[in-house]
Amino acid sequence: DYYSEPPSLEKGTQEKARILTLLGYSRQMLGRASEAKSFYERALEIAQEAGDLACETADLCHLARNAVLEKDYENGVATSQRALILARQRGDRIGQANALVNLGYAQVLQARANDVGDTAVYDGAIAYLTQGLELAVKQGDFQSQALAYNSLGIGYVMCDRPQEGLDILTKGAEAVKSSGNIYLQGLYALYTAEAHHGLKNSE
């Protein structure tokens, strides 16, 4: 509602790009992926025009996660790669953490959706996620930590390493809970159950 008046009348500015990014994030958290995508795309365009590289990286990361929510894993991977290149070029550690986690996450879910059994595919994704998790911990980025722990757990479970999956999911339980992200909490519960299933812990 706020966007409909003041920001829409203003020319593209750095502030407008950041407001649009926050509005997109609020839509995404409400499960309205298509609305979120529209806000992110407009914010990305304005951020590029304004030379706001931090906002540009953030919008690419948000677009990558949004693509995964819409099950467009190929786009999620490609957009994460763009974000990672941009973040590395400008030495943006938080941007790198986000991009690495998004990239690994998208690759894990893409492999899962395609029923890929080749563990090498998961190993590559796990390497990105491990790097992203280390950076996220150093930067105190709890959202990326939650996503990284979850994605690492999923990756291990998907490549028939249930004990490693359970260990990392258990380690990340508090981060996932603290994130407030119900979607991640659902994935956490599902793959914790899958890990126990793989270990024959039926109860």
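**Entry 1: α8 against α9**

I began with the residues that touch between two helices: Y149, N150, L152, G153, Y156 and V157 of α8 are in contact with P162, E164, G165, I168, L169 and K171 of α9. For contact I took heavy atoms within 4.5 Å. By class, this contact has seven nonpolar, three polar and two charged residues. My classes were nonpolar for Ala, Val, Leu, Ile, Met, Phe, Trp, Tyr, Cys and Pro, charged for Asp, Glu, Lys and Arg, and polar for the others, Gly among them.

Next I looked up the geometry: α8 (residues 142-158) and α9 (residues 162-171) pack at about 170°, and their axes are 7 Å apart. That makes the two helices roughly antiparallel (the label for angles over 145 degrees). The axes are lines fitted to C-alpha atoms over the stretch in contact, with angles from 0 to 180 degrees between N-to-C directions. Helices here are DSSP runs of H or I, at least four residues, numbered from the N terminus.

**Entry 2: ground rules**

A note to myself: this is a predicted model, where local features need pLDDT of at least 70 and side-chain atom pairs count only at pLDDT 80 or more, while totals for chains, interfaces and linings use all residues. Residues are numbered from 1 along each chain as its sequence is written, and side-chain values use heavy atoms, with hydrogens and water left out.

**Entry 3: salt bridges**

How many salt bridges does a search of the whole structure find? I got five, counting a side-chain nitrogen of Lys or Arg within 4 Å of a carboxyl oxygen of Asp or Glu.

I looked at R18 and D52, whose closest N and O atoms are 2.7 Å apart. R18 sits in α2 (residues 14-29) and D52 in the loop between α3 (33-50) and α4 (53-69), so this pair ties together parts 34 residues apart in sequence. R18 is partly exposed at 39% relative accessibility, and D52 is buried at 5%. Buried means under 20% relative accessible area, exposed over 50%, and partly exposed in between (1.4 Å probe, protein chains only).

R27 and E35 also pair up, at 3.4 Å from N to O; E35 is partly exposed at 35%.

R161 is partly exposed at 28%, as is E164 at 36%. D123 joins R161 and E164 in a network of salt bridges.

**Entry 4: S179**

Is S179 buried or exposed? This residue of α10 (residues 173-179) counts as buried, at 10% relative accessibility. Leaving aside neighbours within four places in sequence, I found S179 in contact with Q143, A146 and L184.

How values were computed
Angles under 35 degrees count as roughly parallel, over 145 as roughly antiparallel, 65 to 115 as roughly perpendicular and the rest as oblique.
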